[in-house]
Amino acid sequence: MTTLTIYLEQHPQTPLLHTSDPEVIATLAERLGVRFERWEATQPLPPGAPPEAVLQAYAPQVERLQRERGYRSADVISVDAASGTQMPGQLQALRDKFLCEHTHEEDEVRFFVAGSGLFLLHAQGRVHALQCEQNDLLSVPAGLRHWFDMGPQPAFTCIRLFTDPAGWAARYTGDPIARRFPALA
Ligand SMILES: CSCCC(=O)/C(O)=C/O
Ligand SMILES: [Fe+2]
Ligand code: NI
């Protein structure tokens, strides 16, 4: 289930608010300049569908965002600890890369085709922990501090939209805040 939990940045043990209402999540996210939507596939997608089929199934929604926001490329990232295609060391390295607070020079746009992951958004003296699930679209604006926890047994497939076709690039803030907040177990 998709949930949003909000904390004061100094009090990671004491949630101020917890909700699983998608409309409330979208409204609270918008206050940070974050877009949250729920998308339906235009056609059924079998598990393990190739990236081209994944992009095809969500083409209308992807093209709408591209027109609206000028995103120039789209790809699909798949991580599945159970499949054994990624070694445990590689998965840990990938998890660590996203687990430190960082920003991007462009919006971070992710659509969860399958699986889940936890985004932690740091703004306005608060941390918004958004547990994303299948069918969730999240767009984190350029410059907003955040980190992402894929958990110890990651399993997700995401469509990513980029303005710069060179792809993912992060600027780490050096703030150890992510270590104060509990990681997924
Ligand atoms: C859910 S896709 C991988 C996470 C990512 O790209 C990122 O920048 C997290 O902050
Ligand atoms: Fe990021
Ligand atoms: Ni709950």
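Q124 counts as exposed, because 11 C-beta neighbours lie inside 10 Å and a residue with 12 or fewer falls in that class. Q124 sits in the loop between β7 (117-123) and β8 (126-132). The model described here is predicted. Its mean pLDDT is 96, and its scores are ipTM 0.91 and pTM 0.96.

**Confidence**

- For the protein, 100% of residues reach a pLDDT of 70 or more.

**Loop residues with positive phi**

- Most residues other than glycine have a negative phi.
- Q124 has a phi near 55°, a positive value in a residue other than glycine.
- N135 also has a positive phi, near 80°, and is likewise a residue other than glycine.
- The place of N135 is the loop between β8 and β9 (136-140).
- N135 counts as partly exposed because 16 C-beta neighbours lie inside 10 Å, a count between the limits of 12 or fewer for exposed and 20 or more for buried.

**Annotated binding site**

- An unreviewed UniProt entry gives the feature "binding site" at H102, H104, E108 and H146.
- These positions are spread over 45 residues of sequence, yet they cluster in space, with a largest C-alpha distance of 11.3 Å.
- H104 belongs to the loop between β5 (102-103) and β6.
- H104 is partly exposed, since 19 other C-beta atoms lie within 10 Å and a buried residue needs 20 or more.
- Setting aside neighbours within four places in sequence, H104 is in contact with A142, A169 and A170.
- H146 is part of strand β10.
- H146 counts as buried because it has 26 C-beta neighbours inside 10 Å, where 20 or more are required.
- Beyond four places in sequence, the contacts of H146 are E101, F119, L120, L121, H122 and V140.

**Surroundings of ligand 1**

- The shell around ligand 1 consists of I77, F98, E108, R110, G117, H146, F148, C158 and W168.
- E108 and H146 are among the residues of this shell, and both are also listed in the UniProt "binding site" annotation from the unreviewed entry.

**R160 and strand β11**

- R160 lies in strand β11, which covers residues 155-162.
- Not counting residues up to four places away in sequence, R160 touches A74, D75, I77, V109 and R110.
- One of these contacts is D75; D75 and R160 are 85 residues apart along the chain, but their C-alpha atoms are separated by 5.3 Å.
- I77 and R110, both touched by R160, also belong to the shell around ligand 1.

**Nonpolar core**

- In soluble globular proteins, nonpolar side chains tend to be buried together.
- The largest nonpolar core in this model has 36 residues.
- Within this core, L138 and I159 touch the most other members.
- Apart from neighbours within four places in sequence, I159 is in contact with V54, L55, Y58, V62, A74, V76, F111 and V113.
- A74 is a contact of I159 and also a contact of R160.

Conventions: Residues numbered from 1 in each chain as written. Chains lettered and ligands numbered in written order. Core = buried A, V, L, I, M, F, W, Y, C linked by C-beta atoms within 7 Å. Contact = placed C-beta atoms within 7 Å. Near = placed C-beta within 6 Å. Helix = DSSP H or I, 4+ residues; strand = E, 2+ residues; numbered from the N terminus. pLDDT = per-residue confidence, 0-100. UniProt positions renumbered as here; feature names shortened; annotations may be inferred.
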